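Please look over the sequence and the fold before reading on.

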Amino acid sequence: MTYLPYTNRLISSIKPYVVYPALFNGRNIQPFFKWCHFPTSGQSIYIFLFTAVTIILSAVGYSSVQPSTWYESTFDEMLSKVAARTGILAMGLAPLVLLFAGRNSILLWLTNWAHSTYLLLHRWVARLFGIQLILHSILELASYVKSGSYAEELVLPYWIWGCVATVACSIMLVASVFRNSSYEIFLITHIILAVFVLAGTWYHLDYRFEDRWGYKYWLYACFAVWAFDRVVRLGRMLKNGMRKASFRPVGDEILRVDVEGVKWDSTPGQHAYIFFPALRKFTPWENHPFSVIPTNYLRPAKSLPNSESTGSDTPMNEKDLEELTPTSSATLEYSKTPTSGLTFFIKKNNGLTKHLWSNSLTTTTLVEGPYGGSSRNPILLCDRLILVAGGIGITAILPFAHAHPNVKVYWSMRDTQAAMAKELQPGLRHVEQEIVLGKRLDLAGLLEREVKGGWKDIGVVVCGPGAMCDDLRREVVRVTKEQEVRIELDVEAFSW
């Protein structure tokens, strides 16, 4: 909405009240019971309106003509018409389900909404699609049972394929609840079941209506959306080409991955999907999103203090942090090195990330991207930019430090991640910074200090653990309501 003319001031004034607050108990990034993410208030409004429109379209506009040669009673007539309406609405929702899930949706290019927002909408629209599809099947079943023709219809191909689509969709709705337990298994089964839904729907329509009434056009739209996304994804990979990736441990928890020869613009907020086909021979399609840092940001200056002894595996203490604090009189002389290359920092976890630690230090890789990021991001227009990171969340934050002239970085991490602070210092030396080891940041305090410092137009970017992101969201809402200050909030979080 901020792309529309004359809307910036209006949108900014209502954000603390209807856009930023979390819908329930202050939680947005933090999941409930490890599987349920609640939307923000702004997202909830959109979901509510979309759901309301779907319900209204399902419930109004019916008319009855009696006596009828087709129906014995008004009830039979309404039962059949509602069954048909829910089926038509399910067909209309199907392309939106795929559009909201795509990495290359045209909606991402037309708006400044994050991909995670569209994934949230994908889940909710998919639920509405599933409800409409299941209602269609149940109502048609009831209609045929009441008319006495159920036994005849049951063995017909269109009925069988309709059941295939309905059962596959029902399994998808239930299985999606457990997507965080084993995402790779969920993703594969999700795609397979989606194929059954689309194939079942196609043959259901083909056997029942052939090419009459235009119902297949909705499926053509589904195929077009899916094909466009896949073609663009392939094009992004081919453009970057097959690259060499090198690995290097940074402490005991983080792995640094450098990909040579790729040069993108330095727009902050970008991420990419990385494939390691040589390491995942049985699942070469497996890929994960990671925040992008231009390697050039991390190339050290010749005059870095203690440069001969600041290896990334050396434990870091408070004295080291003081030595790495930027000074106004420092003059850094950078070596003549290539400006291309991408760097990713990967936290050791189960699955692919754990597999990388046990393999060779170099391998071939495919990079799909860049995704996200926009030079039109309103947060870059603020007078003061505050970057708040927790742990490895600094990788999404760091590029913002190179996109604004007035920046301060607040970064907290566990003691076991201190080596990463040294590794990233070349990219942070030019900005104010406050780094905390083994403690949590005082989120309320840092916002109050910025406001008391006289800043009235502040941008806040946060990336880190869900609890920290949600806590800072609450503090931004509180401070904006209590103080005469405008705060633009950007939560850099990727959710499945």
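## Terms and model

Two strands are said to pair if DSSP finds at least two bridges between them, and helices (H or I, at least four residues) and strands (E, at least two) are themselves DSSP runs, numbered from the N terminus. This is a predicted model, in which local features need pLDDT of at least 70, side-chain atom pairs count only at pLDDT 80 or more, and totals for chains, interfaces and linings use all residues. Residues are numbered from 1 along each chain as its sequence is written, and side-chain values use heavy atoms, with hydrogens and water left out.

## The parallel sheet

Five strands form an open sheet with parallel pairing, in the order β10-β9-β8-β11-β12. Because β10 (432-437) and β12 (486-491) each have a single partner strand, they stand at the edges, and one side of each is left without a neighbour in the sheet.

Strand β9 (residues 407-413) pairs with β10 in the parallel sense over 6 bridges, and the bridge partner of Trp411 in β10 is Ile435.

## The antiparallel sheet

Another open sheet, of 7 strands with antiparallel pairing, has the order β4-β3-β7-β1-β2-β6-β5. Its edge strands, β4 (287-291) and β5 (293-294), each pair on one side only. Strands β1 (residues 242-250) and β2 (residues 254-259) run antiparallel and are joined by 6 bridges, and Phe247 stands opposite Val257 in β2.

## Helix α9

Just after α9, Gly241 takes a positive phi of about 75 degrees.
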